[in-house]
Structure formats: C-alpha cells, structure tokens
Amino acid sequence: MVGPAGVDVFFVISGFIISTVALGAANHASGTNASIACGFIVKRAARIYPAYWVALLFAFAAWPAVLASDIGWGQKPLWRLALLMERDNYLIIAAWTLVYEMYFYAVVAVLLLLSPPRLLTSLTVWGAASMIVAAMIAFAAPQWQGEIPLSPMIGEFLLGIFVGHLFRKGLGRYPIAGIAVGLIWFFVACEINVAYFNYTNPWFRLIGFGVGAAVVVYGVLVVERDHQWTFSAPWQRLGDASYSIYIWHQPIYAAAFAAVVYFGLDQVAPIWAFIAPFVLIVLCVGFLSFHLIERPAQSFINNALLPISTKVGFARVAVPAFALAAMLAIPAPKTFIEMPKPVERADAGVAKIINGDAHIFEATRVDIPKDATVIRFTVNSSEPGKLYAGYHIEGTLKQKWAEFQAGSGTAELEVQQPVDGSHIWLQIETPRPKNFTILGVQAFR
C-alpha cells in the first residue's frame, strides 16, 4: 500500500527539476520569449513521448489478452491516449501522472512565453492562486477537486519549486535530521492512509506524502552539496533509466503474469515466487528502452527541432498549441444529480459477493444466476462514480459499466448470457469516490 505514494515523490522531484531547468533557460538562454518557451517544450516532449509511445503500442497490441488496467475501464481513442489527453488510460495506468506533468509543462511554457525573467514570481502567483482555488473547491464543490487544475496535488509540484528555491539560495541545516524527519512523516502518513483514506483524499496526499517527500528530497540535495556525497554509479544509471522503467513496468508485469497463467505456471509455484523474475524483466526492458529508444529519440528530436524552435513564427504557434492540448486533457467536472429510480424488473434469484467486501477495494467476484441479465447494486457514496464489471462468454472478455450519483441509490449492470462460470468481476473507478459502499445486490432477468 506504500507503492502509489511514489507518485507524490515523483511530483515533488518533477517540480524541483522542471523549475530549475526552466529558470536556467529563462536566465541564460538568448532569443525571444517564444523561442525560449518553445525550446523548453521540445526538450520536455522529447523526454516524455518516445518511450511512452512504444510502451503504449505494445500495450495496445497485447490488449485484451494482457490487461494492465482494472477490469471494465472504458476504452478511449488511441490518439487521445497517445497525446496524454486522457487520465483514465486503460492501456498504461501509470500514464495518468504524465497528464499532470503535461499540464505543469504547459503552465511553465506559457509563463516563459509571457516573461522569462519573471518566471519564479509568475510560478509563485500561479501556485498561490491554484491552492486558493483548490481550497475553495474542497468546501464549495468537493466533487470537482479530482480535476487537474483544481486538484490539491498540484501543490506537490509547488513543493518541488520551493525546494529548488531554497537549494539555490544555499540554505540548509541539519540535512540528516531532515531526511529522518521526512521519512518518519512519510511512512506515518502511509499508515494513516491505509487505515482511513486509501489514496482517495488529495489533500491528505499533499500534506502527508508531499510534505514528507519534499523534506527528504531537500535533505538529500543538501547532503550532496555540502558533504560532497553522491550516489554510486549503478544508482545513477538506475536513475537515468527510471522514467523508462516507470512507464514500462505495468504492461510488462501484466504480460509476464498473463504468460504465467497461460502456461499454467501458477499451478506449479505460488505467485510470489515470480516477483523477483518479474522485477528483473522490468529492469531489463527499462534499461533497453532508455538506451535504444529514450536517449536516441531525445538526441534526434533535440537536434531536429531545437533549431526550428528559434524561429519566431513556429514558436508562437507551438507554445499555444501545446498549452491547448494540455487544457483539453481536463475533463468536464462531475456534478451531483438526483439518483434515478430503478426500473421494475423480474426477479432472477440470488446474486452475492464471493470475495472482497462491500467497499470494493479490489477486484471482487460476484456470483450471479444463470438467467440473470441485469445486476442491480444498491450503493451509497458521497461522490458520483462508476462500477465496472468484466466477465467472459466462451472465453471472450466482455466489459460493462454503470454510473451512480452521490447519495443512496442504485447502479445497474446489464450482462449477456451465458456467462462463463456464472460470475462477474466487479471493480470501482479510479480515483475512488469517497465513502463508497455496496448495500445490496439483486439479480433480474
């Protein structure tokens, strides 16, 4: 349950690196505002897209035989996934973090376009405004706080910017103690999260994981600066390949697990016995991706496009276009509407949850009667959301989903028959709606 908190560490580090890179470009680069902003975009795009596109094509080619996402995630147009305009990426789940990244890049690019020398001031104003709006949304319309511009998780980028500012000022005392305090803060937050939030509260993620990560990152930077200490070469090489490892790990894990099941190896040894080989495979693929895709593509794109980016006309078009694409990734906010009344249907018998529980924290099996075509879930939730179901008919995967609104009411899933094994697998959408629980299950025909 600690693993997903790595995203918060990633956002803090990203805020530090991107602000440092952008400020360096603003203070030392020559040329127009547009060419400076465009150069920044070209370098960021060269870093993010090539390895992601190859991983995405792999996941797309392997789907649905290899499922990296939760059962029932809706399919989205491949071009929107490729441009990182969809957070709910059914092929590579981890790509939702890149959508946040692209939004942050778009903000920095626009601020560079407006006034490179005032970038730090502009970032401070933008950050303060973002946090004020996020706080207002949390009280006035909490169902909106999962949307990217309104999310408190933007504050984790701001923590990284603040860490960078302190570091450049040369400030820093007691870094070892700071690292210790940050780690304690972070892992205590992990325990509280597991007990109460399950990663559903963005404000808790900011205060718990974000602050803890920021203190640790700052402590490590100060130790490296003041004590002339650096990570050893193997760790540095691992860091170089970390993005490729990150973007490949879910599709590779899913493919490896599917292969284990296909060849019946899960009947020979417990799943945990395959963890070490899976990790080794992911590391190998990640390093290959870095050396054969990521680094060569960065070099080629930078050499091909950076000279063009200095041309004013191209830059003036590229920066707004990039910002617009990032804005289009922002979905329409969910709103509260009245729960619909269920349609009268003929009873088909008993449906019941077999594993998991009524909160659906993991994939949960629900046994259904053989002639049931509609499964009705009586639910209660503080926010609107979706239930997803996956099942097989003669070995072919079928997926359905049903929306529910905030409050108490019902969500109905229509299924085809005959369902293999007379059961479906149920999951709840991500991010998980607050206080969601299933109060009852009924089957109808």
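Helices (H or I, at least four residues) and strands (E, at least two) are taken here as DSSP runs, numbered from the N terminus. The structure is a predicted model, in which local features need pLDDT of at least 70 and side-chain atom pairs count only at pLDDT 80 or more, whereas totals for chains, interfaces and linings use all residues. Residues are numbered from 1 along each chain as its sequence is written, and side-chain values use heavy atoms, with hydrogens and water left out.

The chain contains 12 helices and nine strands. Of its 445 residues, 45% count as buried, where buried means under 20% relative accessible area, exposed over 50% and partly exposed in between, with a 1.4 Å probe and protein chains only. Among contacts (heavy atoms within 4.5 Å) between residues at least 6 apart in sequence, 78% join residues at least 24 apart.

In the loop between helix H3 (78–82) and helix H4 (96–114) lies Leu84, a residue that has a positive phi of about 60° although it is not a glycine. Most residues other than glycine have a negative phi. Leu84 is buried, with a relative accessible area of 3%.

Two packed helices are described by the angle between their axes and the distance between the axes. Helix H5 (residues 119–140) and helix H6 (residues 154–168) pack at an angle of about 145°, with their axes 10 Å apart; axes are lines fitted to C-alpha atoms, for helices over the stretch in contact, and angles run from 0 to 180 degrees between N-to-C directions. The contact is made by Leu120, Leu123, Trp126, Gly127, Ser130 and Met131 on the side of H5, and by Ile154, Gly155, Leu158, Ile161 and His165 on the side of H6. By class, this contact of H5 with H6 has seven nonpolar, four polar and no charged residues, with Ala, Val, Leu, Ile, Met, Phe, Trp, Tyr, Cys and Pro counted as nonpolar, Asp, Glu, Lys and Arg as charged, and the others, Gly among them, as polar.

A search of the whole structure finds 19 aromatic pairs, for which rings of Phe, Tyr and Trp (its six-membered ring) must have their centres within 6.5 Å, planes under 30 degrees apart counting as stacked, over 60 as edge-to-face and the rest as tilted. The rings of Phe16 and Phe167 have centres 6.2 Å apart and planes at 80°, so the pair is edge-to-face. Because Phe16 lies in helix H1 (residues 6–28) and Phe167 in helix H6, the pair ties together parts that are 151 residues apart in sequence. Phe16 is buried at a relative accessible area of 14%, while Phe167, at 22%, counts as partly exposed. Ring pairs also link Phe10, Phe11, Trp96, Tyr100, Tyr103, Phe104, Trp126, Phe157 and Tyr246 into a cluster.

Charged ends are placed over rings as well, the criterion being NZ of Lys or CZ of Arg within 6 Å of the ring centre and within 35 degrees of the ring normal. Arg44 lies over the face of Tyr105, at 5.9 Å from the ring centre, and the charged end of Arg80 sits over the ring of Trp79, 5.7 Å from its centre.

Gly208, in helix H8 (residues 202–226), counts as buried at 4% relative accessibility. Apart from residues up to four places away in sequence, Gly208 touches Trp185, Phe186 and Ala189. Val188 is placed in helix H7 (residues 175–197) and, at 43% relative accessibility, counts as partly exposed.
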